[in-house]
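Subject: Structure handover

Hello,

Please find the structure below, with notes on what was found in it. The notes follow directly after it.

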Amino acid sequence: MTTPEIKMETKATCPYCGVGCGVLIEHDGARITGVRGDPEHPANFGRLCTKGATLHFTARHETRLLYPELRGTKGEARRRVGWDEALGTAAQRFADVIKEHGPDAVAFYISGQLLTEDYYVFNKLMKGLIGSNNVDTNSRLCMSSAVAAYKQTLGADAPPCSYEDFAETDCLLIAGGNPSYAHPIAFRRIEDAKAARPDMKIIVVDPRRTDTAATADLHLPILPGTDIWLFNAMLNVLLWEGHIDNAFVREHTEGFDALREHVREITPAVAAEVCGVKAEDIRTAARWWGESPRAMSLWCQGLNQSTHGTHNGAALIALSLATGKIGKPGCGPFSMTGQPNAMGGREVGGLANLLSAHRDLANPAHRAEIARLWGVESVPEKPGLTAVELFDAMHEGRIKAVWVACTNPAQSLPELERVREALARCEFVVLQEAYGNTETAPFADLLLPAATWGEKEGTVTNSERRITHVNRAIPAPGETRADWAIVCDFARKLGPLIGKPEAQRLFGYAGPEAIFTEHAESTRGRDLDITGLSYALLDAQGPQQWPFPEGATEGRARLYADGRFPTADGKARFVVPTGRLTAERADARYPLRLTTGRLRDQWHGMSRTGKVARLYNHVDEARIELNADDMHLRGLRDGELVRVKSRRGEIVLRAAASGEIRSGQAFVAMHWGANALNSAGVNVLTLREFDPYSKQPELKHATVQIEKADLPYQALIMRGEPGEPTEGQGDSGDPAGITLERAARLAPWLERFAYASLALAGRDYPAVVLRIAHDQPIPSAWLDELDALLGLDDDHCLTYSDARRGITKRARIEDGLLVGLRLTGETAAAGWLRDVLVERQPTAELRRWILAPLASPPAAAKSRGRIVCNCLNVSESDIAAAIGGGAGFDDLQDKLKCGTSCGSCVPEIKRMVAAGRSAA
Ligand SMILES: Nc1nc2c(c(=O)[nH]1)N[C@H]1C(S)=C(S)[C@@H](COP(=O)(O)OP(=O)(O)OC[C@H]3O[C@@H](n4cnc5c(=O)[nH]c(N)nc54)[C@H](O)[C@@H]3O)O[C@H]1N2
Ligand SMILES: Nc1nc2c(c(=O)[nH]1)N[C@H]1C(S)=C(S)[C@@H](COP(=O)(O)OP(=O)(O)OC[C@H]3O[C@@H](n4cnc5c(=O)[nH]c(N)nc54)[C@H](O)[C@@H]3O)O[C@H]1N2
Ligand code: SF4
Ligand SMILES: [Mo]
């Protein structure tokens with residue numbers, strides 16, 4: 001007898017980007033089995049992108065951190081301990097440091113991916129109990145320039161727009177953002193707006209010709225770091241051609257005269273020189289903005305991650321203020337939030353220079369209010385250390401104990417060598433993580449297992465100020481616990497040790513709802529007042545935008561409609577922008593300008609997306625993208641390995657020719673770290689220079705040199721697993737789980753080689769792929785060990801060896817399927833063999849070819865190459881063939897179905913069609 005299958009759905013949000021899509025988690029009460037977009041959620045109305053749609057595959061337990069682990073003394077291995085011992089030890093160690101060196105010798109480094117309730121208690125613990133402001137977050141690397149820009153100009157940190165404005169605007173200026181990759185569902189709404197009103201103008205400002213730029217009416221491929229010049233020149237044109245809203249400027253702003261004076265000489269011709277674009281294009285951009293009844297801007301890290309990130313934002317905001325295009329439908333400056341809850345973190349004041357509910361640390365009245373609310377004597381006045389400063393202080397020994405939660409600084413901070421030294425030097429490092437294998441984990445003296453997506457409850461706020469109640473679908477696995485609960489327990493243990501027994505009262509919450517209620521109360525009378533919100537209301541009426549004060553019946557879609565701004569005199573401010581172009585300038589030694597950013601299908605350090613095989617199908621290996629001219633100049637061919645060197649460090653990467661990059665520039669994605677490469681990735685190269693106001697580091701710009709890496713000894717190892725994987729969270733021991741465990745065992749091997757990369761491959765049948773290149777023959781003992789690790793050493797394997805030429809080959813065939821492969825010396829057949837393996841093509845007719853030196857597939861094998869449409873599994877070669885046969889975009893959707901599900905690949909398919917047309 002079979003028990004009927006229980007299937008339930010729980011409402012939550014996608015834990016990736018700041019679009020904040022609603023999801024329905026499908027589960028049976030114990031295991032997550034699937035996910036779909038929540039049709040009722042106003043951010044996405046049921047849509048999800050490639051990352052959101054594969055969330056259920058990330059919930060597997062194989063690489064989760066399930067139990068606390070503690071290291072006795074440095075150098076020793078960690079051992080499993082219970083929660084009591086874990087938090088008791090942490091409290092004692094923190095108390096010892098605080099007693100001996102004061103509260104400023106400890107620090108918390110947290111994350112915009114925590115829920116608001118988690119964030120709230122971390123902040124209260126540090127500022128209310130311990131008495132230091134050393135609590136900063138990865139939002140410092142992300143949104144702090146936008147925060148500072150909003151505060152300097154509009155008076156408060158509040159994005160005034162909504163997603164529905166995309167459908168209302170006549171002109172959308174996207175600067176320093178690639179939403180087609182980074183905010184896909186917001187971009188779907190932009191595509192819809194353009195399709196509905198083809199006259200709407202889209203302008204994209206990005207040094208690279210991204211998929212976002214390719215769909216624009218006007219792309220301004222400015223030189224890195226020159227945005228202020230562009231915006232100033234646009235303002236110059238707006239002034240010259242009479243597009244200024246003088247009444248608005250007079251009544252609702254301050255400081256325009258100084259800015260007008262400043263931009264007087266910055267004509268399009270002057271800016272064109274600096275920015276490296278045509279003066280005429282600058283003029284066109286300004287005219288479109290000025291002539292459009294409704295114009296809005298959208299920006300992200302291309303502006304924020306700069307040594308003048310605050311003024312980049314301020315210069316862009318000035319365009320909205322000068323033309324009075326703010327506070328109306330389809331208007332306004334819109335900073336897109338990166339992380340799912342960076343907004344929530346900002347609301348609770350979870351940064352070293354902020355206080356709860358948009359209050360200021362420097363303001364004594366604000367500090368007194370918070371002290372009263374929390375029931376503590378006072379909150380400290382001295383601003384805490386911001387991310388980069390905090391790790392510098394750790395490097396110098398001034399921070400002796402650090403608590404890291406929900407972020408991976410050993411990969412995501414700039415100048416990684418220094419960051420890693422700092423973590424190694426720190427006396428006591430706590431890491432609160434959902435996964436045990438991040439780049440930061442080796443440094444942790446105490447690892448605390450956190451519950452994650454699907455396993456915890458709370459709220460998040462998305463880019464458009466919309467708060468969603470996130471529910472728990474299944475019980476937290478192993479001994480994992482919700483982040484807020486870990487913090488509260490720790491606080492109650494720490495309090496008595498530092499003479500603060502009130503910790504029992506301050507952190508005695510019954511659950512996340514009690515924390516939310518306290519947080520809501522702290523916003524009373526503030527610009528973000530949410531005293532009208534509760535879990536019950538959010539459940540009954542769905543996600544709501546703030547402000548939503550007591551008595552309100554709905555939130556506010558658009559701020560500043562009345563022209564009043566939250567400054568002392570109610571007027572917005574113009575700022576005269578300053579700042580060098582980039583901290584580091586290209587020169588003869590370091591001639592290439594490197595920028596960094598995101599790929600469509602990966603999320604940050606890949607602790608989750610890196611566990612989903614199909615998310616490697618779009619890009620399957622780290623690479624440095626270069627202009628073909630720069631490669632030619634250096635005698636480099638596509639796919640060759642190069643040494644990339646900056647003043648801070650050196651890494652080896654595969655070079656890829658890219659039509660997106662102008663000559664003199666380079667791009668490396670931020671995702672690939674020590675689990676994917678033999679190095680810690682691109683942040684080995686970046687620098688820790690930061691913006692003077694926001695303290696946000698310049699992660700977007702560094703200069704590098706490249707040279708061909710001579711690594712003649714190459715190997716390729718692949719391993720799949722027969723049997724059927726289970727959907728979603730899966731059974732332990734199924735092929736997907738075994739594959740993840742193999743990847744985890746291979747990761748520590750990477751650093752042995754001069755170059756190595758580790759990836760997953762496949763879609764329904766996942767496999768691990770290890771690519772190696774070395775400067776000397778790969779020791780056969782290592783190969784033997786790897787064979788044993790992957791089961792490539794028994795009599796299921798076909799073998800071939802030519803010792804003189806250093807060629808060895810092994811192929812494992814089980815039930816007529818290729819499941820494992822190891823090639824050294826001759827790896828040309830790797831591409832089509834991977835397809836044979838992951839697609840389980842029958843090998844009966846292929847057997848004799850598998851070990852042959854064939855670069856292209858024999859007739860019996862199908863080679864598919866890169867997958868463009870992940871949902872429907874349509875490859876680049878399928879699409880190219882159809883385009884060659886005359887297919888247009890609609891025909892492709894009709895016949896191949898590509899781009900008909902999540903739509904993330906639509907921009908790329910359109911680009912392929914356009915390229916095909918111009919080639920014909
Ligand atoms: N797939 C995916 N989506 C994500 C994330 C992810 O990891 N993966 N992370 C989320 C997070 S936390 C964030 S913060 C956002 C980031 O979202 P975005 O900021 O949109 O993404 P990035 O790729 O970091 O950078 C955007 C663009 O800035 C350009 N750029 C570089 N230098 C300059 C410059 O000087 N001027 C201008 N105008 N542009 C420049 C780059 O070429 C790049 O295309 O994405 C969020 N969404
Ligand atoms: N070169 C370069 N570097 C960059 C950037 C760039 O553009 N270029 N962008 C910067 C930006 S904008 C950002 S936001 C940062 C992001 O950098 P990080 O914050 O380091 O990135 P993540 O990998 O998202 O780290 C989040 C961690 O939290 C863990 N986690 C997931 N769920 C939970 C949970 O519920 N509780 C706990 N405790 N842990 C959980 C995940 O496993 C993951 O390891 O990177 C920055 N670094
Ligand atoms: S756009 Fe994609 S990654 Fe962002 S919240 Fe929506 S589903 Fe998640
Ligand atoms: Mo971010």
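In this predicted model, a nitrogen atom of ligand 1 is 3.1 Å from a polar backbone atom of R600. That pair is a polar contact, meaning N or O atoms within 3.5 Å of each other; within protein, one atom must be able to donate a hydrogen and the other to accept it, and residues adjacent in sequence count only if both atoms are side-chain atoms. V205 has a backbone N or O atom 3.1 Å from a nitrogen atom of ligand 1, and D227 places a polar side-chain atom 2.7 Å from a nitrogen atom of that ligand. On its own, ligand 1 has 920 Å² of accessible area, and the protein covers 99% of it. Accessible areas were computed by the Shrake-Rupley method with a 1.4 Å probe, and for residues only the protein chains shown count as cover.

The elements giving two or more residues to the shell around ligand 1 are α4 (179–182), α12 (301–304) and β23 (592–597). Helices (H or I, at least four residues) and strands (E, at least two) are DSSP runs, numbered from the N terminus. Ligand 1 is surrounded by 33 residues, the closest being A182, D206, D227, R598 and Q602; a residue is near a molecule or strand if one of its heavy atoms lies within 4 Å of it. The shell divides into 10 nonpolar, 16 polar and 7 charged residues. Here Ala, Val, Leu, Ile, Met, Phe, Trp, Tyr, Cys and Pro count as nonpolar, Asp, Glu, Lys and Arg as charged, and the others, Gly among them, as polar.

Two conventions apply throughout. Residues are numbered from 1 along each chain as its sequence is written, while chains are lettered from A and ligands numbered from 1 in the order in which they are written. Local features need pLDDT of at least 70 and side-chain atom pairs count only at pLDDT 80 or more, while totals for chains, interfaces and linings use all residues; side-chain values use heavy atoms, with hydrogens and water left out.

Next, the other ligands. Ligand 2 has 33 residues around it, and the closest are N138, S412, E433, S607 and N683. An N or O atom in the side chain of S412 is 2.7 Å from an oxygen atom of ligand 2. A nitrogen atom of ligand 2 lies 2.9 Å from a backbone N or O atom of Q432, and the side chain of T596 has an N or O atom 2.8 Å from a nitrogen atom of the ligand. The protein covers 98% of the 920 Å² of accessible area that ligand 2 has on its own. Its shell contains 11 nonpolar, 16 polar and 6 charged residues.

Around ligand 3 are C14, Y16, C17, G20, C21, L48, C49, K51, G52, P184 and I185. By class, 8 of these are nonpolar, 2 polar and 1 charged.

The largest nonpolar core has 86 residues, of which M394, V402, I624, V644 and W672 touch the most other members. A nonpolar core is a set of buried Ala, Val, Leu, Ile, Met, Phe, Trp, Tyr and Cys residues joined through side-chain atoms within 4.5 Å. Buried means under 20% relative accessible area, exposed over 50%, and partly exposed in between (1.4 Å probe, protein chains only). A second, separate core of 71 residues includes L235, M343, F516 and F574.

Two loop residues are also buried. T210, in the loop between β9 (201–205) and α6 (211–214), counts as buried because its relative accessibility is 1%. Leaving aside neighbours within four places in sequence, T210 is in contact (heavy atoms within 4.5 Å) with N178, E660 and R911. E826 lies in the loop between β34 (817–824) and α26 (830–838) and is buried, at a relative accessible area of 18%. The E826 side chain makes a polar contact of 2.6 Å with the side chain of K809.

Some backbone points remain. The peptide bond from W546 to P547 is cis, with omega near 0 degrees. F45, which is not a glycine, has a positive phi of about 45 degrees, and N873, also a residue other than glycine, has a positive phi near 60 degrees. N873 sits in the loop between β35 (867–869) and β36 (874–875).

Regards
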